[in-house]
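Sequence and structure first, then my entries.

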Amino acid sequence: MEKRKVIIIGAGPAGYVAAIRASQLGAEVTLVEKETIGGTCLNRGCIPTKSLVSSIEVLNLTRRGEEFGLEVGETKPNFSWMMNRKDRIVSQLRRGVHYLLSRNNIKLLQGKASFLAPYKIKVETPEGMKEIEGERIIIATGSKPILLPFINADHPTVLTSEKALTLKEVPQNLIILGAGVIGCEFTSIFNRLGSKITIVEMMDQILPKEDRGVARQMEQIFQKEGINVFTKTKLERITRYQNDKITVELDNGKEITANKILVCIGRTPYTEDLGLENLGLELDDKGNIKVNERMETNIKGIYAAGDVVGEPLLAHVAFKEGIVAAENALGIDSKMNYNTIPHCIFTFPQIGTVGLTADAAREKDIRIKMGRFSFAANGKAQAMGETRGFVQMIVEEDSGKILGAQIIGPQATELIHEIALSIKWGATVEELGNLPYAHPTLSETVMEAALSAQGKPIHSI
Ligand code: FAD
């Protein structure tokens, strides 16, 4: 039987995973990538930032050596070693993805793709223009940072997340414009490396998409660590560019000078020069490609997945959407479900959330009860010296079913998954609270929050 020809544009998490799944399902797959395999996540997003976060975790612990009964000399971060380590990890993982592609017989075509007609694509390769045709096309071209028109993005003092990951030295003073996930993660990194940071956020809380209590605690932690936080504040204009300094004016009348400004005010879908006008492909009002739960666009045989279809802009969402797109492209009925997507923020301490917040549940007129347990009352957290934060559980009052959870604290990005699984399987707080959890573990905080929601907390203080 002849193999079905599938073309995938973009080799980030959505594209390369879609390619592997399509190949597993017997397709002849061509994956087109204009830059490097792994996309934003591997080359300039999740992996490089988390490599730096891991370096900072070790720095934090060694600096606290005495607290743990160790005699340690002065610990100094070496920024260029950290950046080299990050680059090595990225290269190693990139080699891993190349290996996976070749093991799955995926044809990788280096170049920029654009549509000539629905199933006909031209690719500008280093060897010249090529035309390829496929029966199914998956668009997985990702997103790029949004910039403000009045900021000169080419000036050396102006950074995007991508440029921040190629810095040669730690900026002495740094303005973080936008306190979403990316802004807060970079704040945590550069603060520990010694930058004096000012956060400017126009919404009324940092992490505007997160639960108010979690965001408030993170803001208090930032302030305690000497970070200047301006919420409900807009950047009005740049008043001065110098070689190594930038001065900005805020709408509260304050003027701030720093060595760099890191602009992280959001991302926009990457659909530039894709020739979508040749297709009549429907976009939403933010320019995201419109898809249904099967990742189908309005044109038969053309699918889209990952950041290019809009929120939530997360690598694990892109992986899953890529799989769903590939399966539908090859005749398997597969649907996306966004109810149990974990959202993780790698600050110090970490944040992990899933499902509904209390506000969201109330907006849906769901009667809820809540459970809450503080890490300060957990033996393992005490032993680790990581007592900041809490686990908060949102529970449907009548059924006891878990609807959501917000965790701020040690290993929150790992702990959140058992709650995601509980939501997915319709578990109740009784079931979670009855489970014997190993002692002493951080996971006990999840059990205790489940007990607290039932009004029978054991270790609550
Ligand atoms: P991308 O990864 O952007 O890949 C798209 C690819 O398509 C790119 O390689 C691009 O070169 C290619 N392409 C575009 N146009 C064309 C064309 N015309 N022809 C050929 N190729 C093309 N998410 C998490 O889940 N966890 C994290 O910890 C996390 N940290 C992040 C940190 C930062 C600083 C940033 C910026 C993002 C982070 N993200 C994180 C988000 C995550 O990186 C994205 O959600 C994910 O990369 C989206 O995958 P994608 O495949 O849709 O797009």
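What covers the buried residues of α8? I keep in mind that this is a predicted model. The cover includes the helices α1 (13–24), α2 (39–44) and α3 (46–63). The strands β7 (136–139) and β18 (302–304) are also among the covering elements.

**Entry: burial of α8.** I went through the helix residue by residue. Eleven of its 15 residues are buried, so α8 is largely enclosed by the rest of the structure. I listed the buried ones: A315, V317, A318, E321, G322, V324, A325, A326, E327, N328 and A329.

**Entry: length of α8.** I checked the span next. Helix α8 runs over residues 315–329. At 1.5 Å a residue, its 15 residues should span 21 Å. The end C-alpha atoms are 21 Å apart, which agrees.

**Entry: after the helix.** I looked at what follows. Just after α8, G331 takes a positive phi of about 90°.

**Entry: cysteines.** How many disulfides are there? I used a cut-off of 2.5 Å between cysteine sulfur atoms. By that rule I count zero disulfides. C184 is in none, and the nearest cysteine sulfur, that of C264, is 8.6 Å away. C344 is in none either; the nearest cysteine sulfur to it belongs to C46, 11 Å away.

Are C184 and C344 buried or exposed? I took under 20% relative accessible area as buried. C184 has 0% relative accessibility, so I note it as buried. C344 has 16% relative accessibility, so it also counts as buried.

How values were computed: Residues numbered from 1 in each chain as written. Predicted model: local features only at pLDDT ≥ 70, side-chain atom pairs only at ≥ 80, totals over all residues. Heavy atoms only, no water. Helix = DSSP H or I, 4+ residues; strand = E, 2+ residues; numbered from the N terminus. Expected span 1.5 Å × (residues − 1). Buried < 20%, exposed > 50% of the residue type's maximum accessible area, 1.4 Å probe, protein only. Contact = heavy atoms within 4.5 Å.
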